[in-house]
Amino acid sequence: MRRAAKTHKQISEKASRFSESVIREMTRHAMIYGAVNLAQGFPDFSAPEAIKRAAQEAIAADVNQYAITWGAKKLREGIARHMQQTQGMAVDPETEITVTCGSTEAMIAALMAVTDPGDEVVIFEPFYENYGPDTILSGAQPRFVTLHPPTTAHGEWTFDEKELRAAINPHTRAIIVNTPNNPTGKVFTRAELELIRDLCVEFDVIAITDEIYQHIIYDGTEHISLATLDGMRDRTITINGMSKTYSVTGWRVGWAVAPPVLTSAIRKVHDFLTVGAAAPLQEAGAAALMLPESYYADLAEGYRKRRDKLVPALDEAGFRTFLPRGAYYVMTDISAFGFTDDVSFCKHLVSEIGVAAVPGSSFYSDRHKGSQQVRFAFCKQDATLEEAARRLSKLVIG
Ligand SMILES: Cc1ncc(COP(=O)(O)O)c(C=O)c1O
């Protein structure tokens, strides 16, 4: 049979503007080489028994059909209670919460709900790699503001107020704030959030905050939801989910909390994107949100110990590390190893040393900026981190 002449291009302009996820590609390399996978941020340990049981019971009880598109009532009530308990923020579960397929869907649904072609979205970089493609897919243009690395051993990643202000203009529709931050481990301070708040109010910008690492914070740092700052309640979409807090990245349950006007737009986008998140796992989510406060303290302490195991091993191996204050990643500087770029270093690391990490350039719009940086995830069992440390010690400096 003769094929019809091709008169149309096959790939959209949008899809051709970004490449596949480097993080998930590194996981595949780790599998090929049998490497210790410190690339992708998923735990290699069990989720809490209580929530696994709740998921099993929900399936046994035939919770098998679509949940309400914007989320099972019990889960939304749990999310509202949690926001009240942890941030002192009153949220109406009937009009202000949308349950999504992971916070990943919450982010793209939020962007599609608030931006139009021609709008701009401000993103701090290095950034969690989804934000760039999410913005492009929603038809908007990303604008990047640099987070500058610490200049001292235990310093903080910072941004320049003037650079942030310069990125905002009449086309700016939204700003994405990820705190605690992936990949830097930065936890935005109240003063920084107030600065962002002032600019959002001045330029009528919506903040979309990704707070998926809310409970993973160290050294007495405080997690602050931007929505709780004066003037931000009506212009903030707060995104969170089960993946990181309950060690269930494969369950794909997340949510967006936003004022009713924004929520009704997010719900519409979400409904047509995915209809809903897995119903029995939403029941388990409701159970997870009933866990006692001690669960969250133990979670943070467990990750603090893992951080304090991996960071000295990286220092010892010759990396310059940037100590994270939150989340479960450590960004490093690889200059000491004499590689021209981060990608060839990561290839060497995975194939010759047997450890997978993520090239820093994948977190930057201008890839050159990350060409001497590499990110490691430490959401792993002690034995995994110890094996990684043993392998990393074989790296040669110079
Ligand atoms: C900052 C950030 N947001 C979102 C996600 C994805 O979360 P979810 O599994 O809820 O889609 C990740 C996963 O690594 C992340 O680091």
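What does Cys101 count as at 23% relative accessibility? At that value, Cys101 counts as partly exposed, a class that lies between buried (under 20% relative accessible area) and exposed (over 50%), using a 1.4 Å probe and protein chains only.

Welcome to the views below. They show a predicted model, in which local features need pLDDT of at least 70 and side-chain atom pairs count only at pLDDT 80 or more, while totals for chains, interfaces and linings use all residues. Residues are numbered from 1 along each chain as its sequence is written, and side-chain values use heavy atoms, with hydrogens and water left out.

**View 1. The whole protein, before we zoom in.**
The secondary structure comes to 13 helices and 13 strands. Helices (H or I, at least four residues) and strands (E, at least two) are DSSP runs, numbered from the N terminus. The C-alpha trace spans about 65 × 60 × 50 Å along its principal axes. A compact globule with 398 residues would have a radius of gyration near 21 Å, and the protein agrees, with 21 Å; this radius is taken over C-alpha atoms, and the globule rule is 2.2 Å times the number of residues to the power 0.38. Of the 398 residues, 57% count as buried. Among contacts (heavy atoms within 4.5 Å) with a separation of 6 or more, 74% come from residues 24 or more positions apart.

**View 2. An open sheet of 7 strands.**
The strands follow the order S2-S8-S7-S6-S5-S3-S4, with mixed pairing; two strands pair if DSSP finds at least two bridges between them. S2 and strand S4 (141–146) are the edge strands, each pairing on one side only. On average, neighbouring strands of this sheet are turned by 20 degrees against each other, direction ignored. Helix H3 lies across S2, S7 and S8, running at about 120 degrees to S2. Helix H7 (residues 190–203) also packs on the sheet, touching strand S3 (120–125), strand S5 (172–178) and strand S6 (206–210), and its direction makes about 165 degrees with that of S5. Axes here are lines fitted to C-alpha atoms, for helices over the stretch in contact, and angles run from 0 to 180 degrees between N-to-C directions.

The 15 residues of H3 (residues 73–87) should span 21 Å at 1.5 Å a residue, and the end C-alpha atoms agree, being 21 Å apart; the expected span is 1.5 Å times one less than the number of residues. Buried residues of H3 include Leu75, Ile79, His82 and Met83. An α-helix has 3.6 residues a turn, so residues three or four places apart point the same way. The partners of the buried H3 residues include strand S2 (97–100), strand S7 (236–241), strand S8 (254–257) and helix H9 (260–274). Glu96 is found in the loop between H3 and S2 and counts as buried, at 9% relative accessibility. Leaving aside residues up to four places away in sequence, Glu96 touches several residues, among them Arg233, Ala256, Pro259 and Arg267.

**View 3. Helix H10, largely enclosed.**
Of the 10 residues of H10, 8 are buried, so this helix is largely enclosed by the rest of the structure. Pro280, Leu281, Gln282 and Gly285 are among the buried ones. The buried residues of H10 pack against helix H2 (49–60), H3, S2, helix H8 (242–245) and H11.

**View 5**
All 5 of the 5 residues of S10 (residues 329–333) are buried, so the strand is largely enclosed by the rest of the structure. Tyr329, Met331 and Asp333 point one way, while Val330 and Thr332 point the other way. Strand S9 (residues 320–322) runs antiparallel to S10, joined by 3 bridges, and Phe322 has Met331 as its bridge partner. S9 and S10 form a hairpin with 6 residues between them, and Ala327 in the turn has a positive phi of about 60 degrees. Strand S13 (residues 373–377) is also antiparallel to S10, joined by 5 bridges; here Thr332 has Val374 as its partner.

**View 4. Cysteine Cys346.**
Cys346 is buried, with a relative accessible area of 1%. Its closest cysteine sulfur, in Cys379, is 16 Å away, too far for a bond. Taking a disulfide as a pair of cysteine sulfur atoms within 2.5 Å, the count comes to 0.
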